[in-house]
Each structure stands twice: as C-alpha cells, then as structure tokens.
Amino acid sequence: MKNNIHDLEEKFQARIDAGEKIEPKDWMPEKYRKTHIRQISQHAHSEIVGMLPEGNWITRAPSLRRKLGLLAKVQDEAGHGLYLYSAAETLGISRDQMFDQLHTGKAKYSSIFNYPTLSWADIGAIGWLVDGAAIINQVMLTRTSFGPYARAMVRICKEESFHQRQGYEIMLGLCRGTEEQKEMAQDALNRFWWPSLMMFGPKDEDSPNTEQSVKWKIKRKTNDELRQEFIDITVPQADFLGLKMPDPDLKWNEERGHYDFGEIDWDEFWQVVKGNGPCNKERLKARTDAWDEGAWVRDAANAYAEKQSLKKQSENNKKIAS
Amino acid sequence: MENKSKEWPIWEIFIRSKNGLEHKHVGSLHAADAEMAIENARDVYTRRQEGVSIWAVESIHITASNPENSGELFEPAKDKVYRHPTFYELPIELKHI
C-alpha cells in the first residue's frame, strides 16, 4: 500500500471537504490531533474556571429565585467542563495531564474569567454578554469536524440558552429598578463589554492559525466574523435595557449592514492572556487549592472501590468452594 | 503540587430517554466504582430529565472495531442491493406489498 503521510493527509482533507466527521480512532494528521487537544482542553478549562467568578455571588444572590438560577447555571458549567474533558480524552490525553497543564499555567483558559465580579449586576452582565459571546462561538462549533467535540457542543448549546436568559433577566430587573440599580447595571456593562469582545480572540490578520482551522473545519467562521455577529445581536439588547454601550465609535453602518465599533485594546488582551489580568493568580490558586485539598477524597474513593472489589471476589470464591 | 493519586477509571454512559426506547451512548466520565459511575452520570447527563435509566460500562471492557478494517467489515454489504425491497420489481397496481 502507498499509505505515505502525504496520501493520508490528502485523503483526510477529502473526507473533511466532503463534510464527513472525524472520529477518535480514525487516522488524522498529528497537528489536527494536537490542535484539538489544545482547543478542547482549553475550552474545558474555561468552563471550570468560569465557575469561580459566579460562585463568588451564590451566597449573596438577592433572592431565592436568583440563587436557584445561579446555582443551576454554575452546576451546568461544571457539566460542560466534564463533557469537554471527555471529548479531549478520546484523543489520547488523560484527565490528570490536562489538570496538570491548567494548574501549572501551561494551558490557557478564556481570559474573560480573570476579571473580578464586583457587584450583583456583574452576574447579570456575565450571563448576558459572556454566555452570549460563548453561544455565538459554540453554535458554530456544533458543526465542527471532530465528532466528539461537535456532540459535546450540541449538548452544551441546548443548556446555554438558559444561562443567557438568566443573565438578561437580572439586567432587566436592575434597569427597571431604582436609579442606583440601573447605575449598577451600566457599570457592569462598562466593565464587561470590551473583555466580552476580546473573547473571540485576536483580529483575523493577527490570528495565524485561523486559515488551517477553517480548512479543517475546526472553525467555520473567523474571529472577526463571530465578533461582528455578536455585536450586531447585542447592541439592540442594550438599547432595550436603556443602557449605553461604552464605545463612542459604535454606530450602525447602513452600507455594511453591520455596526461599526471602536478599536479593541489588544495590549490589555495580551496582558491578561499572559497572566497579568486582575484575577489570574486568584483563579489559579482557587483551582490548585481545590485539587490539592480534594486529593484525600479521590484516594479514599479508590481505596473503597478496591476494598469492595476484593470483598466481592472473596465472596465469589466462597460460593464456588461451597 | 505533587499528585500521586491514581486516576479514577473511565466509564461509558448509556441513557434510556424513556421507556420503549433503547439506551443510547451519551458520553463518558470518571468514577472510582460502578455505583459512583451511576451517581455521576445522573449529575452529568440527566440534569434536565434526559433519562429514566442509566447503564455504566467501564471503557476498558468495550471492544471496538478498527476504522482501518472498515473496508473488509462493511463494504461487502454495499453491492447486495437484493437485500432491499426496492430491488424486486412488481406491477404498480399491486397493493399492500
């Protein structure tokens, strides 16, 4: 057989072009595997670290209704992380390796979670904007070429819509409340708007991996396309709340059929990615503490499982003997 | 930060969404034993009443066919059109057949 690497890669690309999904045991280029391990695990880390800023407000939610909603949302984020870790594991990386990469700072997670949640309104802004931005990205990923990733995304997207509505309802409540409450909502929007736009990643011309990712149908749209889509959807929602977007350059462009918007502060983006955001250290410490302090639980569960299995074995042996 | 703990094994989870339907693979998770696998599956895969029954099978017990053998395994069925009802030509006026 002539299965040299070039032929295999050509066949692989032909399968992708034909719209076929790639499953874990199929042959794939090493770079496709590595890109997926990196992207899926970082997506999983984002879900897990994403629980921290919101968990900050569970005990201080203003009503039982809000508390139930937020608890359920945070629990969903844990679930989303688990779906994604499982998808990444099908490519041959272990859960412990992924945790290790997160805890040592080798793997990244979405930079948005390195911003603090200073007021209750931030929980509204996160649900509305951060989950809103995530949905745009994740809806695209339901059609990604790697089967397990696409399936995890379908599951996640079904659940994510509640998160965004939960957030928007919080914002709506505040905007229809007292003057101070509306100011809280505006302040949260001011702080979360730009970081939300950064969630889509660098501009296309500064994103060297985009071309290959689009070719392999890992991404079906570019960062700038997704960002524009998010802005176009979100601006009317801010108008509905009676809030003002913190961007003086934001205005509807009739000719393009899109909103024009101001320059994103990419220096800030890269600072946060490199670990110098307001909460990077705090987030990572919360993660490593949870992992270290949970070690005895994991060990105890292993010891118990082993004991039970030995007990069962000896019972079986007795049955056979009698 | 050292971690000497052994990783919990991986389990494949199958959910029956309602009686009358088959169990369907939904994904996998880690658990120390079978009982924990069921409990975790409940939390991870049925938060919105997605199921009425769970199967958990430790992944190492699953034997999977190799995609490289797909040709010899599945291609022989390709040219056996006579296994399909449309292969047989009958007069159009014939009913219920």
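Which residues touch the most other members of the largest nonpolar core? Select Tyr32(A), Trp193(A) and Leu29(B): of the 92 residues in that core, they are the ones. Such a core is a set of buried Ala, Val, Leu, Ile, Met, Phe, Trp, Tyr and Cys residues joined through side-chain atoms within 4.5 Å, where buried means under 20% relative accessible area (1.4 Å probe, protein chains only).

Before going on, note that this is a predicted model, in which local features need pLDDT of at least 70 and side-chain atom pairs count only at pLDDT 80 or more, while totals for chains, interfaces and linings use all residues. Residues are numbered from 1 along each chain as its sequence is written, chains are lettered from A in the order written, and side-chain values use heavy atoms, leaving out hydrogens and water.

Then centre on Trp193(A), whose contacts (heavy atoms within 4.5 Å) include Leu129(A), Phe230(A) and Met245(A).

Now move to the interface. Here 22 residues of chain B meet 29 residues of chain A. Zoom in on Asp76(A) and Arg47(B): they form a salt bridge, with the closest N and O atoms 2.7 Å apart. The rule (a side-chain nitrogen of Lys or Arg within 4 Å of a carboxyl oxygen of Asp or Glu) finds 4 salt bridges across this interface.

Finally, select strand S2 (23-30) and helix H1 (34-45) of chain B, each supplying at least two residues of the side that touches chain A. S2(B) provides the largest share, 4 residues.

Key. Buried means under 20% relative accessible area, exposed over 50%, partly exposed in between (1.4 Å probe, protein chains only). Lists of a residue's contacts leave out its neighbours within four places in sequence.
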